[in-house]
Amino acid sequence: MLGSAGRPYQGYAESAGSLALPELPNLGAVTALFSMRTPMRVWYAGPDRYRVDILGTAGEHDVYRLPDGEYTWDYGDNTLTELIGDPGVRLPRGADLLPPELARRVLRAAQGDPVSALPGRNVAGVAASGFRLVPADPDTTIGRVDVWADPVTGVAVRVELTARGQDAPILVTEFGQLDQTAPVVEAPRPVLGSGFTVASAPDVADTLGAYSQVPLPSRLAGRSVTSSDFGGVQGAALYGAGLASFAVIAVPRTVANAASDAAGKAGAVQVRLAAGSVVQLSITPLSLGIVRSSVSRRSYLLAGTVTPAVLKSVADELSRLRRSGP
């Protein structure tokens with residue numbers, strides 16, 4: 001399965017998430033992926049040549065990945081956009097929830113964790129073999145990941161993610177139709193009357209307005225930075241390994257306040273810290289936090305598949321940081 005990235009396929013898939021995520025600033029499209037049903041049609045010739053259409057009631061939003069670049073087509077706006085640049089850490093999108101892609105991401109993150117066999121099942125005409133992965137790290141909120149894949153090609157056809165302590169999956173993605181043949185994927189062409197724009201590829205830090213000159217610690221809650229490649233933005237980093245990881249982003253106070261309001265409506269709890277406060281929201285398996293430090297006057301957004309206790313420890317350390325940078 002880890003070596004299946006070069007296997008072509010085309011078909012129809014659906015993902016269904018049940019997370020009751022708050023409406024965080026500028027992240028409406030992302031939260032919808034994990035709280036709603038997402039129908040997708042895909043043509044995948046390889047990791048550098050594919051097309052994924054997200055099908056909605058108001059039209060389609062298509063992503064084209066080609067060797068010479070990336071494009072999006074929005075039927076609602078009737079606009080073709082060429083995306084420039086390759087962001088260090090981009091926002092999740094529908095294509096990330098296709099069974100083969102999600103399975104590879106999970107397996108890469110959890111290599112070495114124990115697995116056990118599951119009964120096979122027929123998915124989209126494939127007599128798929130199954131296995132269950134149980135994360136070994138006690139600090140992750142992911143309880144198990146069940147995967148079914150074509151035993152010949154390694155292409156995953158169904159993935160279920162279940163939170164620790166729960167019985168029903170919080171995310172299921174599977175193919176409804178699947179043809180494992182190579183499709184033809186060509187660059188989109190503007191049609192008469194449509195618009196054309198050129199834009200920078202969306203980055204997590206840009207979307208949330210992260211401060212570019214706010215250095216973060218090399219370790220938080222005993223976990224080291226695993227990625228800080230956010231296009232030169234110092235105030236954003238990923239920490240931890242495997243499925244027990246979390247992101248930290250230094251944001252303007254206005255963004256933190258808006259996120260706190262949204263989290264409060266979703267049932268978040270505000271906890272006083274020795275050097276500030278944190279608004280915590282646990283939507284298993286996702287833990288969210290909004291930190292406001294009274295020492296540095298900085299604000300941070302935290303998110304990850306780690307326990308609320310880990311995130312609270314991170315918040316406490318961040319709240320004590322002395323101000324540096326602008």
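This is a predicted model: local features need pLDDT of at least 70, side-chain atom pairs count only at pLDDT 80 or more; totals for chains, interfaces and linings use all residues.
Trainee: Which residues is M36 in contact with, leaving aside neighbours within four places in sequence?
Mentor: M36 is in contact with S15, A16 and G17 once those neighbours are set aside; contact here means heavy atoms within 4.5 Å. Residues are numbered from 1 along each chain as its sequence is written, and side-chain values use heavy atoms, with hydrogens and water left out.

Trainee: Where is the place of M36?
Mentor: M36 is in the loop between α1 (28–33) and β2. Helices (H or I, at least four residues) and strands (E, at least two) are DSSP runs, numbered from the N terminus. A20 is 16 residues from M36 in sequence, and their C-alpha atoms are 9.3 Å apart in space.

Trainee: What makes M36 count as partly exposed?
Mentor: Its relative accessibility is 49%. Buried means under 20% relative accessible area, exposed over 50%, and partly exposed in between (1.4 Å probe, protein chains only). The value of 49% falls in between, so M36 is partly exposed.

Trainee: And why does R297 count as exposed?
Mentor: R297 comes to 55%, which is over 50%, so the word is exposed. R297 is in the loop between β19 (286–293) and β20 (299–304). Its phi is near 65°, a positive value in a residue other than glycine.

Trainee: Is A221 buried or exposed?
Mentor: Buried, because its 16% relative accessible area is under 20%. A221 also has a positive phi, about 50°, although it isn't a glycine. You'll find A221 in the loop between β13 (219–220) and β14 (223–227).

Trainee: How many aromatic pairs does a search of the whole structure find?
Mentor: Five. Rings of Phe, Tyr and Trp (its six-membered ring) pair if their centres lie within 6.5 Å; planes under 30 degrees apart count as stacked, over 60 as edge-to-face and the rest as tilted.

Trainee: Why is the pair of Y9 and F175 called edge-to-face?
Mentor: The centres are 5.6 Å apart, within 6.5 Å, and the planes are at 75°, over 60, so edge-to-face it is. The pair links distant parts of the chain, 166 residues apart: Y9 in strand β1 (residues 9–17) and F175 in strand β11 (residues 171–179).

Trainee: What makes the aromatic pair of Y239 and F246 stacked?
Mentor: The angle between their planes is 10°, under 30 degrees, and the centres are 5.4 Å apart, so the pair is stacked. Both Y239 and F246 are buried.

Trainee: Which residues do ring pairs link into a cluster?
Mentor: Y9, Y44, Y50 and F175.

Trainee: How do you know that the charged end of R51 sits over the ring of W43?
Mentor: The distance to the ring centre is 4.6 Å. A charge sits over a ring if NZ of Lys or CZ of Arg is within 6 Å of the ring centre and within 35 degrees of the ring normal. Likewise, R121 lies over the face of W148, 4.9 Å from the ring centre.

Trainee: Why is helix α2 described as mostly covered?
Mentor: Helix α2 (residues 99–109) has 11 residues, and eight of them are buried. Among them are P99, L102, V106 and L107. What covers the buried residues includes β1, β2 (37–46), β8 and β11.

Trainee: Where is confidence lowest in the protein?
Mentor: In helix α3 (residues 204–208), with a mean of 60, whereas strand β8 (residues 126–133) is highest at 98. For the whole protein, the mean is 86, and 87% of residues reach 70 or more.

Trainee: How many helices and strands are there in the protein?
Mentor: Five helices and 20 strands. Of the 326 residues, 50% are buried.

Terms used
pLDDT is the predictor's confidence in each residue, from 0 to 100.
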